[in-house]
Amino acid sequence: MVDVALEHAILVSLLEQPGSGYELARRFDRSIGRFWTATHQQIYRVLRRMESDGWVTAEEIDQDGRPDKRCYSATTAGRAALTAWLREPVQPETVRHELAVKIRGAAFDDDAGRAALITEVERYRADHETTLHRYLTGEQRDFPDDGELDTGRRLQHVVLRGGILYEQMVLAWLDDVLETLHDLGH
């Protein structure tokens with residue numbers, strides 16, 4: 001059984017649309033990043049390895065006034081590697097959530113510690129609220145009419161909808177956490 005690797009996320013992205021390492025990094029920052037994170041350096045390092053393994057090919061593209069760029073595309077071997085991975089069973093995820101442990105640990109802290117935790121939960125909540133807003137904005141921009149989408153775009157949209165639902169669930173949970181923490185202060 002093969003674990004998910006950055007290579008698989010890159011292959012999916014390149015099959016959706018070929019691009020340079022920089023363009024891939026921007027796609028990761030903009031969309032894939034909440035589901036699979038990678039630094040720009042990791043992406044470039046993995047692209048080089050994938051190219052030497054024959055999973056991707058690169059075309060040099062001249063750019064006026066700027067350095068040439070390498071535009072990557074998935075090869076037949078890369079598509080075959082992705083197909084093999086796609087057919088593997090998905091392993092249950094282990095949840096490791098630092099904030100949840102801190103919330104449980106608040107039972108062993110004083111009022112000042114719980115106040116600090118409230119501040120942290122509020123900061124964490126604001127981050128998720130920003131992410132939800134970004135997802136909803138992207139959905140309105142990229143998927144105005146789901147009925148008119150091809151298979152690839154429909155699958156992109158269903159993943160985005162999963163991200164929206166996840167963020168909504170996290171926000172509801174954080175609201176519950178905040179209410180509980182505030183109640184403990186009375």
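Tutor: Let's start with R114, which is found in helix 6, residues 111–142. Helices here are DSSP runs of H or I with at least four residues, strands are runs of E with at least two, and both are numbered from the N terminus. Please keep in mind that this is a predicted model, in which local features need pLDDT of at least 70 and side-chain atom pairs count only at pLDDT 80 or more, while totals for chains, interfaces and linings use all residues. Residues are numbered from 1 along each chain as its sequence is written, and side-chain values use heavy atoms, with hydrogens and water left out.

Student: OK, so is R114 buried or exposed?

Tutor: R114 is buried, because its relative accessible area is 17%, where buried means under 20%, exposed means over 50%, and partly exposed is in between, for a 1.4 Å probe and protein chains only.

Student: And what is R114 in contact with, leaving aside its neighbours within four places in sequence?

Tutor: R114 is in contact with A106, D109 and L184 once those neighbours are set aside, contact meaning heavy atoms within 4.5 Å.

Student: Changing topic: at what angle do helix 1 and helix 2 pack?

Tutor: Helix 1, residues 6–16, packs on helix 2 at an angle of about 100°, and the axes are 11 Å apart. The axes are lines fitted to C-alpha atoms, for helices over the stretch in contact, and angles run from 0 to 180 degrees between N-to-C directions. Helix 1 and helix 2 are therefore roughly perpendicular to each other; angles of 65 to 115 degrees count that way, with those under 35 being roughly parallel, those over 145 roughly antiparallel and the rest oblique.

Student: Which residues meet there in helix 1 and helix 2?

Tutor: From helix 1 there are L6, A9, I10, S13 and L14, and they meet L24, R27 and F28 in helix 2. By class, that contact has 6 nonpolar, 1 polar and 1 charged residues, where Ala, Val, Leu, Ile, Met, Phe, Trp, Tyr, Cys and Pro count as nonpolar, Asp, Glu, Lys and Arg as charged, and the others, Gly among them, as polar.

Student: Then how do helix 2 and helix 3 pack?

Tutor: Helix 2, residues 21–30, and helix 3, residues 40–52, pack at an angle of about 130° with axes 9 Å apart, which means that helix 2 is oblique to helix 3. The contact is made by G21, Y22, L24, A25, F28 and D29 of helix 2 together with H40, I43, Y44 and L47 of helix 3.

Student: And at what angle do the axes of helix 1 and helix 3 cross?

Tutor: They cross at roughly 85° and come within 10 Å, so helix 1 and helix 3 are roughly perpendicular to each other. One of the residues in helix 3 is V46, which is buried at 7% and touches L6, E7 and I10, not counting residues up to four places away in sequence.

Student: How many residues has the largest nonpolar core?

Tutor: The largest nonpolar core has 17 residues, and those with the most contacts inside it are I10, L14, F28, I43 and L47. Such a core is a set of buried Ala, Val, Leu, Ile, Met, Phe, Trp, Tyr and Cys residues joined through side-chain atoms within 4.5 Å. Helix 1, helix 2 and helix 3 are the elements that give two or more residues to this core, and its largest share, 5 residues, comes from helix 1. Apart from it lies another core, of 11 residues, among them A106, L174, L178 and L181.
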